[in-house]
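The entries below follow the order in which I looked.

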Amino acid sequence: MFKIKIFIFLILIFSFLTNNLLAKKIEILYKVENHPITNKDVAKEINYLLMLNDQLKTIDKEELIQYATKSIIKEKVKKNEILKNFKFGGNEKIIERQVSSLRNNLNLNEIEFENLLNSLDISIDYLKEKIEIELMWNKLIYTIYKDKVVINKVDIEKKIKRDLESPSNSINEYLLHEILFSSKQASDLESNKTKIEKSIQEIGFENTANILSEAPSSKFGGEIGWIKENQLTEEVFNNIKDLEIGAYTNPINVPGGQLFLFLKDKKETRLETSFKEEFEKILKAEQNRQLDQYSSIYYKKIEINTKIYDN
């Protein structure tokens, strides 16, 4: 069954590569500072994004082209900023682990994975560079903002103690997706909210997250993953605790914009970890949440100061 899905997947991608917009001849579409983005780059980015998330095949072709173009521009902007602060290299072991993780997620062995990359015109070096850019970007954000991360450890300890002492010894866990959006002017927030809600009604929350969310999770349909209720902020918990599965929240104010949250599933799970393990998990989750928000804020700041030319 999986082989058939891959075959259909490759046929779909081939249709993009033969599209007149992307495949006739190499044309420069944009420049980020002095770095060109061609139609071939966009075609390859579409292949890469579809490999990460095959649900993208259900969205409109023109929207997918626009999404891939924005994705490349964002990557170029990030890389330019990284190079002002760090040199690439020295991340080989982490990169190899992430390549292996991707291959396992696709349920492919090494030969099958290599054949898939070749079919998509994606070299292993191309894939590794993309992974390294994200690693180095995260390193940059951590370096800049680590001292601005504020976590109330006493509150975390109280939450864990309460949950561990609960007679049921269980806690609710939520499978969440997100759409982060912002506007250059406050007057545009309402129109952006309306645009997103209209898109959700037409193509669903996850496809809308793919094309309209500003969060890093957009590549994966906005998926955040399974989150225990003791890992959520009070405001987020209050917004989702009464949601029906398949529903989404009103926009929640967060640093850097506003956030829709979608409840895909919910379950009750037993607390089987120690106090220390649970504390470390919550601490790490909260640190990552705040750093993700700072990442969005910082990206918007540097994008404004980056010369991006439409060819």
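At what angle do helix H3 and H7 pack, and how far apart are their axes? Before answering I noted that this is a predicted model, in which local features need pLDDT of at least 70 and side-chain atom pairs count only at pLDDT 80 or more, while totals for chains, interfaces and linings use all residues. Residues are numbered from 1 along each chain as its sequence is written, and side-chain values use heavy atoms, with hydrogens and water left out.

**Entry: H3 and H7**

I found that H3 (residues 39–52) packs on H7 at an angle of about 70°, with the axes 12 Å apart. H3 is therefore roughly perpendicular to H7, a word kept for angles of 65 to 115 degrees, with under 35 counted as roughly parallel, over 145 as roughly antiparallel and the rest as oblique. Axes here are lines fitted to C-alpha atoms, for helices over the stretch in contact, and angles run from 0 to 180 degrees between N-to-C directions. The helices themselves are DSSP runs (H or I, at least four residues), numbered from the N terminus. Contact, meaning heavy atoms within 4.5 Å, is made by Lys-44, Glu-45, Tyr-48 and Met-51 of H3 with Tyr-126, Leu-127 and Lys-130 of H7. I sorted these residues by class and got 4 nonpolar, no polar and 3 charged, where Ala, Val, Leu, Ile, Met, Phe, Trp, Tyr, Cys and Pro count as nonpolar, Asp, Glu, Lys and Arg as charged, and the others, Gly among them, as polar.

**Entry: H4 and H7**

Next I took H4 (residues 61–83) and H7 (residues 124–145), whose axes come within 10 Å and cross at roughly 55°. That angle makes H4 oblique to H7. On the H4 side I listed Glu-75, Lys-78, Lys-79, Glu-81 and Ile-82, and on the H7 side the contact includes Glu-129, Lys-130, Ile-133 and Trp-137. The residues of this contact divide into 5 nonpolar, no polar and 7 charged.

**Entry: H7 and H12**

For H7 and H12 I read a packing angle of about 100° and axes 10 Å apart, so these two helices are roughly perpendicular to each other. Among the residues that meet are Trp-137, Leu-140 and Tyr-145 in H7 and Leu-291, Tyr-294, Ser-295 and Tyr-299 in H12. By class this contact has 11 nonpolar, 2 polar and no charged residues.

**Entry: the cavity**

The lining is made by Lys-74, Lys-78, Trp-137, Glu-214, Pro-216, Asp-292, Ser-295, Ser-296 and Tyr-299. H12 gives the largest share of that lining, 4 residues.

**Entry: the second largest pocket**

Last, I looked up the second largest pocket, which holds about 500 Å³ of space, a volume being the space filled by probe spheres set on the grid points, which are joined across faces, edges and corners. Of its 23 lining residues, Lys-159, Leu-232, Thr-233, Glu-234 and Glu-286 are the closest to the centre. H12 gives the most to this lining, with 7 residues.

Technical notes: 1 Å grid on protein atoms, 1.4 Å probe; cavity = no way out; pocket = protein on both sides within 12 Å on 5 of 7 lines; lining within 4 Å.
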